[in-house]
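This report goes through the arrangement of chains, domains and selected elements in the structure shown below. The values quoted are computed from the coordinates, unless a record is named as their source.

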Amino acid sequence: MRELELAGQVVELVRRLGGPGAQAEAVVTRADLALTRFANSAIHQNVSESTVGVRLRLHLDGRTAGGSGSIVTADGLRALVERTLAAARLGPLDPAWPGLAPPTPAPAAPPVDEATAYAEPDQRADRVGAFVAAAGGLSTAGYCRTAHRSSAFANSAGHTASGRSADAAMDGIARRDGADGVARRYADRLSDLDGAELGAHAAAKAQAAADPVELPPGRYEVVFEPAAVADLLQNLSWYGFNGKRYVERQSFAEPGVAQFDRSVTLVDDPLGASGLPFDAEGTGRRALTLVEAGTTRAVAHDRRTAVEAGAESTGHAVAGGATWGPMARNLRLSGAAAGPASAAGRSTTGAAAGAVGDADTAALVAGVRRGLLVSDLWYTRVLDPKSLVITGLTRNGVWLIEDGTVVRAVRDLRFTESYPRALGPGAVLGLGARPVRQPDRVDGAWWAAPSVRLASWHFTGGASG
Amino acid sequence: MTEFDAASAAVQAALDAGARYADARVMHRRYESMTARNGDVEELTQDESIGLGVRALVGASWGFHAVPDLSDAAARDAGRRATRTAMASARVPGPAVDLVPVEAVTASWASGCQIDPLGVPLSDKGDLLVGATRAMTEHGADLAEGLYQIWDTAKWFVSSEGHRIDQRIRECGGGISATSIGDGETQRRSWPSYRGQYGTTGWELVESLDLAAHAAQIAEESRALLTAPPCPAGETDLILGGEQLALQIHESVGHAIELDRILGWEAAFAGTSWLDLAQLGSLRYGSELMNITIDPTIPGALGSFGFDDEGSPAVKRDAVRGGRWVGVLAGRDSAAMASLDYGGSVRADGWARLPMVRMTNVGLEPGPHTLEEIIAATDDGVLMDLNRSWSIDDKRLNFQFGCEVGWEIKKGRRGRMLRNPTYTGIGPLFWRSMDMLSSETVPWGTPNCGKGQPGQIGHTGHPAAPARFRNVRVGVSA
């Protein structure tokens with residue numbers, strides 16, 4: 001693999017130019033990323049890039065520096081090493097340097113779908129076309145993307161690792177009179193993305209979201225669909241299960257404590273789908289149980305936070321991790337036993353028909369006496385990181401549920417809520433059986449969740465204020 | 001082969017493959033950042049990236065391809081691939097695409113810079129952050145953080161209409177934050193804002209911030225906030241400091257006047273806008289004190305440039321005049337679609353990203369008052385400053401913002417400090433309630449504006465000064 005040769009060249013250059021005492025780790029990644037974007041039912045932006053990047057982190061005489069670049073010629077690599085060595089020599093001391101990852105076999109990664117890795121723009125465009133056509137004349141917008149990465153790691157402790165990943169995602173809305181319905185999927189294979197199925201789903205939701213009424217703010221029981229649950233998982237990961245925030249005492253996470261409802265089990269499963277088998281420090285990636293039956297079990301660590309916490313790296317180092325902390329980016333909320341499929345038939349009526357698109361959600365809706373069905377959350381921002389109080393809005397469809405039936409569309413609402421509290425002991429009234437993988441904004445990251453029924457969610461404002 | 005040669009080769013290859021218009025940007029960017037925590041350097045990163053992005057228009061369809069290689073062969077291949085991608089776009093075609101005319105010029109431009117920020121010794125920059133963060137820990141902060149960032153970007157733009165423009169833009173800035181951790185919550189104070197103040201300037205901007213001199217005060221305030229009374233809930237008169245007003249402008253005006261959002265091009269992600277082009281020139285956006293300009297010509301402001309990333313020269317325009325909505329942020333294609341005659345606000349986050357409509361410097365012209373005069377004229381209200389959280393809906397109407405600190409205002413005097421201050425409202429109703437505006441304008445820089453798919457980070461400027469808003473809902477909590 002060419003990437004492994006390049007990473008090895010960088011480490012060798014550091015040894016030659018920095019001396020035997022220099023500790024270095026290098027990651028070389030080639031990427032082919034493409035995204036076909038549509039709006040007003042037409043492709044309006046269609047981009048692709050073929051890139052290569054080198055990241056170097058080195059530690060010399062007690063000082064650490066990082067460098068990166070896109071120039072992989074011999075001169076370019078030498079310039080990268082020279083300027084990073086210069087930075088390390090001039091930089092201040094780094095007493096918390098955790099050392100390099102020792103030589104360890106990398107875990108086996110799932111196979112890469114070559115058709116996805118080298119997908120052509122026509123293939124993405126055709127899925128967009130199918131989405132648009134299936135929306136039955138409603139205005140549509142969204143994207144179809146494919147990503148392929150080939151990456152290699154080497155360090156001066158003799159550790160090497162390499163791997164490839166490929167994935168695809170499609171995310172689109174259909175619009176009717178300002179009401180939107182959404183369909184969103186992440187897949188290891190582009191061929192698993194059915195534009196027509198997604199377009200029809202989004203259109204049915206948009207039709208059901210028309211003519212919304214405004215509800216007063218307050219606490220409501222809710223059923224969150226997978227797109228909304230994905231936001232919960234992302235924020236729990238970034239702010240709660242982040243080892244840096246944990247050692248800084250800015251996280252709510254307390255391993256060994258029953259902080260969540262017993263129905264909640266959260267596992268970060270980076271190799272459960274196409275993914276690179278090592279992190280930014282070369283540590284092998286593996287499944288990590290963060291929450292088991294409601295009890296917090298672990299947080300994600302890189303080598304630096306692991307030293308501070310007296311733990312081992314869990315393989316979650318990311319570029320820039322010294323600032324942002326280690327991240328779990330492949331979180332799965334385990335589903336419960338399947339609900340009664342027959343519930344799907346009585347969960348929607350009249351104009352709201354189409355609001356509920358699957359049996360899992362229907363079963364949860366059927367148990368709600370009065371509450372809201374929420375498709376998606378938007379612009380969620382942290383008010384306090386420790387309690388993880390977050391404000392944001394609903395988006396892409398909200399409906400009122402009465403006596404187990406979706407009765408009408410509701411205008412978007414603003415909420416202000418503590419995510420761990422909303423998922424706390426006794427607060428989760430039901431989970432769907434089938435987690436659906438939702439794409440992150442960057443390739444390689446996904447959030448798998450079923451629909452979830454929560455006892456209470458604090459809506460603090462309506463669409464009109 | 002020069003950068004202009006590579007860009008020209010890419011454009012010519014795109015035309016040869018069937019494009020009716022093409023442009024290419026070569027960008028060479030050097031980036032450096034350092035973070036410090038509790039008296040130690042936490043991370044030092046330097047990046048150098050160079051590459052080429054080419055955009056091709058075939059019929060009514062666009063394509064874009066980017067490569068990190070400036071050889072003739074790679075540039076030509078990128079041009080061909082951009083055209084091929086545009087042809088794929090035509091499988092799901094849209095309406096006809098036109099480009100508003102822009103004079104094809106050969107030009108150079110550079111931002112001002114007194115002290116080259118990459119030339120300042122790393123040890124000096126490290127000592128600055130280490131010293132400031134150490135001082136914050138000595139004054140009670142549990143978590144003391146410091147940061148600077150530097151971007152030095154050279155770019156070369158060529159279009160099939162004859163543009164040949166090179167620019168060099170140097171940007172830098174920094175800041176410090178102190179966090180105190182209590183039972184179940186944290187409190188933060190920053191200087192001059194969280195993650196700092198930025199501009200198209202040299203290191204002189206960071207020196208002017210005098211980070212070390214403010215370390216003790218913000219550390220002590222973060223500690224005091226843990227036991228301060230919470231911001232009361234209800235409707236009251238709200239005075240916003242300039243930094244928070246810059247955020248308010250960015251979120252509830254800047255994004256709302258982006259023409260791509262108004263046209264629905266961002267509907268599935270960033271969102272649309274509550275603004276309707278049919279009301280351009282007549283809609284009342286805010287009070288008569290509200291005069292918002294789009295001005296990429298402000299020396300030193302973070303959103304300044306000589307030409308945007310499709311060759312339009314920097315021009316100052318009105319967005320809101322006397323409270324009335326009169327202008328938008330536009331690109332050449334979006335402007336043509338909206339039957340407007342100007343673009344000028346299109347930029348790309350690096351060579352690998354498609355140019356798109358972005359804010360430049362979107363700011364509020366100064367008013368007649370001072371902050372102290374505004375406080376003195378307020379019988380009962382809350383003063384809030386320094387953004388802590390921001391959330392706004394996909395039409396840019398319903399917002400809820402949190403600040404690091406509030407102060408009670410009673411009978412014209414600043415009183416107790418208040419913790420967890422938040423306020424919420426609807427954009428145009430909020431702006432119509434502005435009745436006092438200070439003249440103490442600062443061109444706040446925002447280096448982290450996210451937009452687009454794939455994601456792009458924009459650098460924007462927002463001249464703003466303290467202002468008062470009447471009958472605003474404050475104190476929203478979980």
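Which residues of chain B does UniProt list for "domain: Metalloprotease TldD/E N-terminal"?

## Annotated spans of chain B

In this predicted model, the answer comes from an unreviewed UniProt entry, which lists residues 22–84 of chain B under that name. Over residues 22–84 the chain is 67% strand and 21% helix, and the end C-alpha atoms of the span are 12 Å apart.

A further annotation, "domain: Metalloprotease TldD/E C-terminal", also from an unreviewed UniProt entry, covers residues 234–451 of chain B. For residues 234–451 the composition is 34% strand and 16% helix, with the end C-alpha atoms lying 33 Å apart.

## Domains of chain B

The domain assignment divides chain B into domain 1, residues 3–225, and domain 2, residues 234–474, and the C-alpha centres of these two domains of chain B lie 21 Å apart. The contact between them takes 45 residues from domain 1 of chain B and 39 residues from domain 2 of chain B. On the side of domain 1 of chain B that touches domain 2 of chain B, the residues divide by class into 19 nonpolar, 17 polar and nine charged.

## Helix α1 of chain B

Helix α1 of chain B, residues 3–16, has 14 residues and reaches 20 Å from its first C-alpha to its last, which is close to the 20 Å expected at 1.5 Å a residue. The buried residues in α1(B) include B:Glu3, B:Ala6, B:Ala10 and B:Val11, and the elements that cover the buried residues of this helix include β1 (21–37), β2, α2 and β5 (143–159) of chain B. After α1(B) comes B:Gly18, which has a positive phi, near 125°.

## Domains of chain A

For chain A, the domain assignment gives domain 1 as residues 2–206 and domain 2 as residues 211–465, and the C-alpha centres of these two domains of chain A lie 24 Å apart. Their contact takes 40 residues from domain 1 of chain A and 34 residues from domain 2 of chain A.

Among the elements that each supply at least two residues of the side of domain 1 of chain A that touches domain 2 of chain A are β1 (23–39), β4 (139–155), β6 (179–187) and α5 (195–208) of chain A, while the largest share of that side, eight residues, comes from β5(A). By class, the side of domain 1 of chain A that touches domain 2 of chain A has 21 nonpolar, nine polar and ten charged residues.

## Contact between chains A and B

Where the two chains meet, 65 residues of chain B are in contact with 80 residues of chain A. Elements of chain B that each supply at least two residues of the side touching chain A include the helices α2 (72–89) and α3 (122–138) and the strands β2 (40–58), β3 (61–67), β16 (380–392) and β17 (398–410). The element that gives the most to this side of chain B is β2(B), with twelve residues; by class, the side of chain B that touches chain A has 28 nonpolar, 26 polar and eleven charged residues.

Which strand of chain A pairs with β2(B), and in what sense? Strand β3 of chain A, residues 63–69, pairs with β2(B) in the parallel sense over four bridges, and the bridge partner of A:Gly67 in β2(B) is B:Gln46.

How values were computed: Residues numbered from 1 in each chain as written. Chains lettered and ligands numbered in written order. Predicted model: local features only at pLDDT ≥ 70, side-chain atom pairs only at ≥ 80, totals over all residues. Contact = placed C-beta atoms within 7 Å. Nonpolar A, V, L, I, M, F, W, Y, C, P; charged D, E, K, R; others polar. Pairing = 2+ DSSP bridges. Domains from an automatic or database assignment. Expected span 1.5 Å × (residues − 1). Buried ≥ 20, exposed ≤ 12 C-beta atoms within 10 Å, placed from the backbone. UniProt positions renumbered as here; feature names shortened; annotations may be inferred.
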